[in-house]
Amino acid sequence: MAPKADQKLSGTQLIHADDEFHGSEVAPSISVSTTFRAANPLEVADADTFDQWNPTRHIYSRYTQSVSTRAERVLSKINDGYAITFASGLAASYAALVYFKPKRVAITDGYHGCHATLDVYKRSRNEELPTIGIDDDFQPGDLCWLETPLNPTGEARDIKYYADKVHAAGGWLLVDATFAPPPIQYPFKWGADIIMHSGTKYFGGHSDLLCGVLVAPTLEKWRELWHIRTFLGNMMGSLESWLLLRSLRTLHLRVPRQSQTAYEIAQWLAKASGGKSADGIPAGIIEKVWHSSLQGVDKRGFDPRTQLEGGWNPTFAILMTKEAYAALLPHNLKYFIPATSLGGVESLIEQRIHSDPGADPRLIRISIGVEDVEDLKNDLRNAFQTILKHPKAKL
């Protein structure tokens, strides 16, 4: 049974959270200027005052500009914190490492790009930065990098358990919640110190922008992150900020639909896994289906539906019985586009090894869009039947 959708994410908030920055325009204009006219101290009493969080004017677009400020205000409202945007998800990852300056990083599996960013960050240090697993013992100064739900499988991890564990040792918890944006998951509720998102995915939602987001619990910490972003120079461009603000307006319409459809399809596919056939899907095609809705309660009593309070993650993975099936499936579909990434309104599918060289060549990642669920099921059913008969599948 799917979790009950939380009413916390409202269309009213998404449309009006930035109203304080509204001008006379209904839709905001894109500001392409990099620099802005200085205030005349003879005419403006506070000409030397500049509040980055609540700017009444702009100085230089590396500091603030109108549309990115508005997008950050909406993101802050829906994430119950203070959000700051970056040029990409990996730019946000790097900034988080600079912010925490950890003595060690605990990270297990997840997006290979974050592991690569960690390797790049290590090059900037004059000392070793050890990495450990999230289930190893923690020490003071450790940063637990918890991705949940996990890329590419969509399995959920217990935020509260790892928050309690790392805090007891004197460390911090960063939660990469890209796979579960509001209204699905609220990591601060479970003990996260910083929330990270690749805003390219569900916040962007249309496969047309790059964005990273960090959410801090206090304005003081947001200002620290603003300083880091300003002098790393990895802010979003004007067009991308405008596209992000446009996309956020419909988040409450897109994500719940994607979530419900993914739940139905994952449950449907699972019935045809492990040598079984079901509803027209031939036996012997699907080895396993991963999705948070299929996890059940673990030995510590963690139930994913408690943490994923607003629905299930719309991206998940399946393991085919043969590498040939995994290679053929993405190219025998009508509505699923064979491409990497996730979170867009269109459904995407990929043989994961093409993006992540460490993936099992039989692994397929599926990102569900906003198409009708029966159309997507029929598309998959037909593709499974087709690849079973393909000459390459018999090798």
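Asp279 is partly exposed, with a relative accessible area of 48%, where buried means under 20% relative accessible area, exposed over 50%, and partly exposed in between (1.4 Å probe, protein chains only). The structure is a predicted model, in which local features need pLDDT of at least 70, side-chain atom pairs count only at pLDDT 80 or more, and totals for chains, interfaces and linings use all residues. Residues are numbered from 1 along each chain as its sequence is written, and side-chain values use heavy atoms, with hydrogens and water left out.

Asp279 forms a salt bridge with Arg381, and the closest N and O atoms of the pair are 2.9 Å apart; a salt bridge is a side-chain nitrogen of Lys or Arg within 4 Å of a carboxyl oxygen of Asp or Glu. Arg381 lies in helix H11 (residues 373–388) and Asp279 in the loop between helix H8 (251–270) and strand E8 (286–290), so the bridge ties together parts that are 102 residues apart in sequence. Helices (H or I, at least four residues) and strands (E, at least two) are DSSP runs, numbered from the N terminus. Arg381 is buried, at a relative accessible area of 14%. Salt bridges that share partners also join Asp18, Arg70 and Arg249 into one network.

Over the whole structure, the search finds 18 salt bridges. One of them joins Glu20 to Arg73, with the closest N and O atoms 2.7 Å apart. This pair links distant parts of the chain, since Glu20 is in the loop between helix H1 (11–16) and helix H2 (66–79), whereas Arg73 is in helix H2, 53 residues apart. Arg73 counts as buried at 9% relative accessibility.

A further salt bridge, between Asp142 and Arg104, has its closest N and O atoms 2.8 Å apart. Here strand E4, which holds Asp142, is linked to strand E2, which holds Arg104, and the two residues are 38 residues apart. Asp142 is buried at 1% relative accessible area, and Arg104 is buried at 13%. Strands E2 (residues 104–106) and E4 (residues 142–147) run parallel and are joined by 3 bridges; two strands pair if DSSP finds at least two bridges between them. Within this pairing, Val105 has Leu143 of E4 as its bridge partner.

Both strands belong to an open sheet of 7 strands in the order E1-E7-E6-E5-E4-E2-E3, with mixed pairing. Strand E1 (82–86) and strand E3 (131–132) stand at the edges with a single partner strand each, so one side of each has no neighbour in the sheet.

Helix H3 (residues 89–100) has 12 residues, which should span 16 Å at 1.5 Å a residue, and the distance of 17 Å between its end C-alpha atoms agrees; the expected span is 1.5 Å times one less than the number of residues. Of the 12 residues of H3, 9 are buried, so the helix is largely enclosed by the rest of the structure. The buried residues include Gly89, Leu97, Tyr99 and Phe100. Lys101, which follows H3, has a positive phi near 45°.

The count of disulfides is 0, a disulfide being a pair of cysteine sulfur atoms within 2.5 Å. The sulfur of Cys144 is 13 Å from the closest cysteine sulfur, in Cys114, too far for a bond. For Cys211, the nearest cysteine sulfur is that of Cys114, 14 Å away. Cys144 is buried at 0% relative accessibility, and Cys211 is buried at 0% relative accessible area.
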